[in-house]
Amino acid sequence: MRSRPALLLHLSLALLLPLASAETVITITALSTRSEFSGNYCADLLQKALTASQRADEIIHLRHVESNQYQARMLANLNNLPNSVAWSMADKNRNQALMPIRIPLFKGLLGMRVFIIRKQDQTRFDQIESLEDLQQLVAGQGAHWPDTHILRSNGLKVATAMDANLLVKMLKAERFDYYPRGVVEAWHELNILNDPTLTVEKNILLVYHADLYFYVGAGNHSLAERIERGLRQLQKTGEFDRYFYSHQRIVEALRQLEAAPRRVFYLDIDGVNARALVENNPDWYQAFSEDSNPPHPDHSDKQKQLDDRTN
């Protein structure tokens, strides 16, 4: 397991002139830090958005290339790569340096955090009743991840490392107490680790206004507008929700999240109330009922409603 993916796409355009009409061939090269879940999910979603906004005279190709660069370095290069797209966890600095398309690709599920812990420590977490209690323990996060700033600004102690593999080793070595992961990450990563000494903590859910966004270079308004137009079209037709709710990793994450009530702690970002941003926002997954516990919606019914609406 490596650090959270930051993915770059370089769009190069070649103009073909057949006898009858001109076709624009767009080749999209995806540079990713791992050819894994977020890459596949986001690349497929981007392809759908580009297709939804595709002109009749365009042909779109997608090609993946794996990069060894860390997330921060890849994003720093985005402004130097014309007609390029990246996707990564949104934060204030990235939103200022680049141009975000402000539609959460995972409907906010990456801002819903459960903890990977040492299995023997579950009884310690059973005693956590408040955010103040949690502030006595130490989390582990990536040194350049936006989550690190969010946790620290809410009074939580954080130990950092450059690499997710190292974070797992540090957790096992008792260098920190818990490893917050998005609900679409935690159980899947545990399955990959196949380590009987680790588990997902049973009682607590951190929630903050964070998710992956598509980014383009600052000033690239035309590409940003095209991607947003495509995503909004997918939302309008129900294709976005159909893709989201049928994706295996998301189905499993929601099943685990909704298996039992959790104690929810909202974390504000730069003084902005997280709960107010998340609740009743149609772009974000609505996970909570009035008592702040995750509900148990029947996603098979939701999928049937989507199919009925769009068929």
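Leaving aside its neighbours within four places in sequence, tyrosine 178 is in contact (heavy atoms within 4.5 Å) with Phe115, Ile116, Ile117, Phe125, Leu134, Leu137, Val138, Ala139, Gly140, Leu156 and Leu171. The model is a predicted one, in which local features need pLDDT of at least 70 and side-chain atom pairs count only at pLDDT 80 or more, whereas totals for chains, interfaces and linings use all residues. Residues are numbered from 1 along each chain as its sequence is written, and side-chain values use heavy atoms, with hydrogens and water left out.

Tyrosine 178 lies in the loop between helix 7 (164-172) and strand 9 (179-182), where helices (H or I, at least four residues) and strands (E, at least two) are DSSP runs numbered from the N terminus. Because its relative accessibility is 0%, tyrosine 178 counts as buried, a term that denotes under 20% relative accessible area, with exposed meaning over 50% and partly exposed in between (1.4 Å probe, protein chains only). One of its contacts is alanine 139; the C-alpha atoms of tyrosine 178 and alanine 139 are 4.9 Å apart in space, although the two residues are 39 apart in sequence.

Strand 7 (residues 138-142) is mostly covered, with 4 of its 5 residues buried. This strand pairs with strand 8 (residues 157-161) in the parallel sense over 5 bridges, pairing being assigned if DSSP finds at least two bridges between two strands. From strand 7 the chain crosses through helix 6 (residues 146-153) to strand 8 in a right-handed β-α-β crossover, that is, with the strands pointing away from the viewer, the path from the first strand over the helix to the second runs clockwise. Within the strand pair, glutamine 141 stands opposite threonine 160 of strand 8. Threonine 148, found in helix 6, is in contact with Gln141, Gly142, Val158 and Thr160, its neighbours within four places in sequence being left aside; with a relative accessible area of 4%, threonine 148 is buried.

Elsewhere in the chain, the axes of helix 10 (residues 239-246) and helix 11 (residues 248-257) come within 5 Å and cross at roughly 70°, the axes being lines fitted to C-alpha atoms over the stretch in contact and angles running from 0 to 180 degrees between N-to-C directions. Helix 10 and helix 11 are therefore roughly perpendicular to each other (65 to 115 degrees). Phe244, Tyr245 and Ser246 of helix 10 make the contact with Gln248, Ile250, Val251 and Leu254 of helix 11.

Overall, the secondary structure comes to 13 helices and 13 strands, and buried residues make up 52% of the 311 residues in the chain.

Notes
Angles under 35 degrees count as roughly parallel, over 145 as roughly antiparallel, 65 to 115 as roughly perpendicular and the rest as oblique.
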